[in-house]
Amino acid sequence: MARRLAASAPAAEGRSGVLKIVAALAVVLAAQALLALCLVSAQQLLVPRNMPFGVTGPPSPVVAAVASRAGLDLTSYPTESAVMDAANQGELYGAYLSEGSSDTLVVVPAKSFFAQTELEPAFLAAAHKLGRTVTVQEVAPLTSEDPIGAVTSLLLLPLLIGGYLAAVLVFKAAHGVAAAPWRAAILIGYALVGALLTDLIAGPGIGAYSSSHFWPLLPCFWLITSAVALAAAAIQALVGKWGTLLVAVLFIVIGGPPAGGLGTYLLPVYWRNIGVLLPPQSAVTLVNHVLYFDGNDISTPLVVLFLYAAAGTAVIAWFGRIRPAGRANTTGGPELRTPPPGDAASTPNRRRAMIGMLVALGICAVMQSLFATTYMSAGHAPKAANLPFGVVGSSPVLAAAEKNISLKVTQYPNEAAAKTAMDEARVYGALVSSGGTNTLIVVPSLSDLAPLDLAVRFEEAARATGQKVKVQQYAPHPLAAKDPFGLVQALMLVPLLIGGYMSPTLLMAATGRAAGRWRAAQLAGFAVISGLVIDLIVCYWLEGFPSSKFWIVWPICSLIVAVVAFVAAILQKLLGPIGTLVTVVLMILLGNPSSGGASGVPYLPAFWRDLGPYLPPRNGYILLHHTIYFDGHGTSQALINLLIYLGVAAAVLIVLDLRRTEAKVPTDATEAAAVSVPIGAVP
């Protein structure tokens with residue numbers, strides 16, 4: 001009997017280990033799928049939906065024509081001054097002033113750059129068709145430091161992650177005691193430090209906004225970070241260690257996508273309604289209105305954020321002081337009372353806890369500063385540098401346009417040759433001049449920003465030279481109907497990267513070791529399944545790209561996940577749990593900003609443009625995007641780089657896995673999942 005029990009013990013232990021591994025990878029897959037679903041569904045189709053729009057004067061056929069096919073919520077104002085006041089206070093996305101023989105279209109770029117690009121062409125086209133003269137007037141224009149209105153979203157990222165990580169790391173440093181009486185004060189104090197760092201980096205450091213906004217924004221940043229940190233700590237107190245994962249899902253995975261940085265009323269209605277209930281959307285509105293609308297119309301976001309902060313503080317106080325004191329008074333149990341300050345037994349524990357918390361908050365401050373630096377410096381003011389561009393014939397318009405946009409010009413013998421270059425993703429557009437006519441051809445499937453940028457610059461150049469230019473769109477494969485701006489591949493890259501480094505992280509947590517004999521095979525199998533799940537969600541569920549590309553996209557998604565997973569596993573084997581942090585820095589803090597994303601590599605600053613080819617994210621994005629929309633043209637270098645990463649990393653990992661001597665890694669699986677999920681989930 002004893003021998004049978006001894007023989008069955010290893011088998012039972014082996015089954016338990018397998019179950020832990022399967023459960024850990026299932027958690028990663030679920031988090032990855034949820035993140036992909038939320039990110040893509042919230043932001044893939046940005047069109048006006050019940051968008052507040054003002055009108056004044058007699059009923060206009062132009063407004064009627066546009067409103068019938070655009071999602072505008074019309075509000076009539078008695079006078080022109082009334083509608084202009086509403087626009088200046090950030091209440092409207094635009095307005096139409098109908099007056100006599102000519103009309104005025106008011107656009108509010110600071111409210112939403114993408115909304116302006118939708119509304120202005122629609123109204124001008126309708127007015128031209130109806131024979132009405134329209135003047136365009138801008139209210140709250142964007143600045144040169146923020147030409148597409150990206151700064152608000154980029155500011156949310158460090159504030160949201162800083163508050164969340166502060167709560168998580170303080171919880172960990174305090175050994176899972178989520179409601180210690182001093183918790184609220186420490187988190188509020190850190191929130192001020194994090195807010196100050198973000199303000200200094202984004203404002204005076206990078207110049208994403210003028211120095212005059214430094215002081216008005218500081219209390220806003222403090223409130224946002226405090227609200228997130230305190231609410232997160234309160235949920236931890238209520239739920240326990242699973243509260244950490246719950247906060248990540250609520251505030252980052254679900255709350256981040258409907259934050260509305262590109263325009264709240266461009267979001268699907270259900271996402272907009274979900275966002276109203278969570279801090280990120282209120283944070284975006286608060287920062288945007290302080291930056292561009294002199295702090296008008298911020299009562300609602302202030303109330304929401306203060307309620308989160310107050311509720312979090314109340315819950316922490318209840319669990320940290322009021323409830324323990326009540327129990328101690330009722331039972332007299334000394335074990336329920338907080339040891340007095342002079343208690344010798346408590347002093348070493350307190351000292352260790354304080355040192356641990358200072359280290360944790362130091363790490364949090366570094367991470368928040370890095371998020372504020374990397375994403376802001378890479379994306380706050382995209383400006384083309386050596387944008388590949390084709391020319392057929394000659395025209396003075398080209399020389400005039402090059403004064404305002406940096407082009408890398410290639411001469412082509414005819415339009416067919418130029419379009420062949422577009423088919424192969426070698427140029428972002430072309431100017432075809434023949435017989436005194438100028439046609440600007442742009443490629444919307446190659447960049448969301450370049451077509452608009454080129455059209456504006458060449459139309460300005462045509463007016464300056466007395467020429468006319470016709471803008472024509474051309475795409476080898478049209479963008480998917482539910483991805484009119486070509487954002488989906490950049491969005492789906494994020495869960496692929498996160499799933500890549502989450503998988504070895506949770507395997508490490510589940511097994512207590514950074515490697516194992518079958519670790520490479522486990523990660524490879526996960527990558528295959530993970531790539532399939534993301535492909536199914538984005539292609540068939542959300543219709544984010546043509547279904548004809550489903551089978552070729554699956555191995556690409558799996559390749560991206562496998563590369564990141566293998567690299568993370570190697571770093572974890574060599575560095576322990578700190579290897580996850582290094583992976584985040586490489587893949588998310590450096591790799592993702594340098595990928596170029598939907599705008600394209602030419603719109604990156606020089607540092608990020610030069611860094612990208614050496615890291616997997618850019619290679620993964622190019623391989624994914626160009627395979628879908630350009631039949632794989634221009635992907636050779638990206639594919640070779642990823643295969644080199646995969647081959648070298650797999651070989652190194654297999655060698656390291658064969659080594660039997662390895663210290664255990666005590667990490668809680670829920671904690672590892674919670675910390676891993678949000679990093680890189682860009683709102």
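In what order do the five strands of the open sheet run? The order is E2-E1-E3-E4-E5, and the pairing is mixed. This is a predicted model.

**The open sheet**
- Strand E2 (72-76) and strand E5 (133-138) are the edge strands, each pairing on one side only.
- From one strand to the next, the twist averages 25 degrees.
- E5 pairs with strand E4 (residues 102-107) in the parallel sense, over six bridges.
- Val-106 has Gln-137 of E5 as its bridge partner.

**Helices across the sheet**
- Helix H3 (residues 80-88) lies across strand E1 (51-56), strand E3 (94-99), E4 and E5. H3 runs at about 165 degrees to E3.
- Helix H4 (residues 113-130) lies across E1, E2, E3, E4 and E5. Its angle to E5 is about 160 degrees.

**The H5–H6 pair**
- Helix H5 (residues 151-173) packs with helix H6 (residues 183-205) at an angle of about 150 degrees, their axes 10 Å apart.
- Angles over 145 degrees count as roughly antiparallel, so H5 and H6 are roughly antiparallel to each other.
- Their crossing is right-handed.
- Contact residues include Leu-155, Leu-159 and Phe-171 of H5 and Ile-186, Leu-187 and Tyr-190 of H6.
- The contact residues divide into eleven nonpolar, two polar and one charged.

**Strand E6**
- Six of the six residues of strand E6 (residues 387-392) are buried, so E6 is largely enclosed by the rest of the structure.
- One side carries Leu-387, Phe-389 and Val-391, the other Pro-388, Gly-390 and Val-392; both faces are covered.
- E6 pairs with strand E7 (residues 407-411) in the parallel sense over five bridges.
- Val-391 has Gln-411 in E7 as its bridge partner.

Note on methods. Residues are numbered from 1 along each chain as its sequence is written. This is a predicted model: local features need pLDDT of at least 70, side-chain atom pairs count only at pLDDT 80 or more; totals for chains, interfaces and linings use all residues. Side-chain values use heavy atoms; hydrogens and water are left out. Axes are lines fitted to C-alpha atoms, for helices over the stretch in contact, and angles run from 0 to 180 degrees between N-to-C directions. Helices (H or I, at least four residues) and strands (E, at least two) are DSSP runs, numbered from the N terminus. Angles under 35 degrees count as roughly parallel, over 145 as roughly antiparallel, 65 to 115 as roughly perpendicular and the rest as oblique. A crossing is left-handed if the near helix is turned anticlockwise from the far one by less than a right angle, and right-handed if clockwise. Contact means heavy atoms within 4.5 Å. Ala, Val, Leu, Ile, Met, Phe, Trp, Tyr, Cys and Pro count as nonpolar, Asp, Glu, Lys and Arg as charged, and the others, Gly among them, as polar. Buried means under 20% relative accessible area, exposed over 50%, partly exposed in between (1.4 Å probe, protein chains only). Two strands pair if DSSP finds at least two bridges between them.
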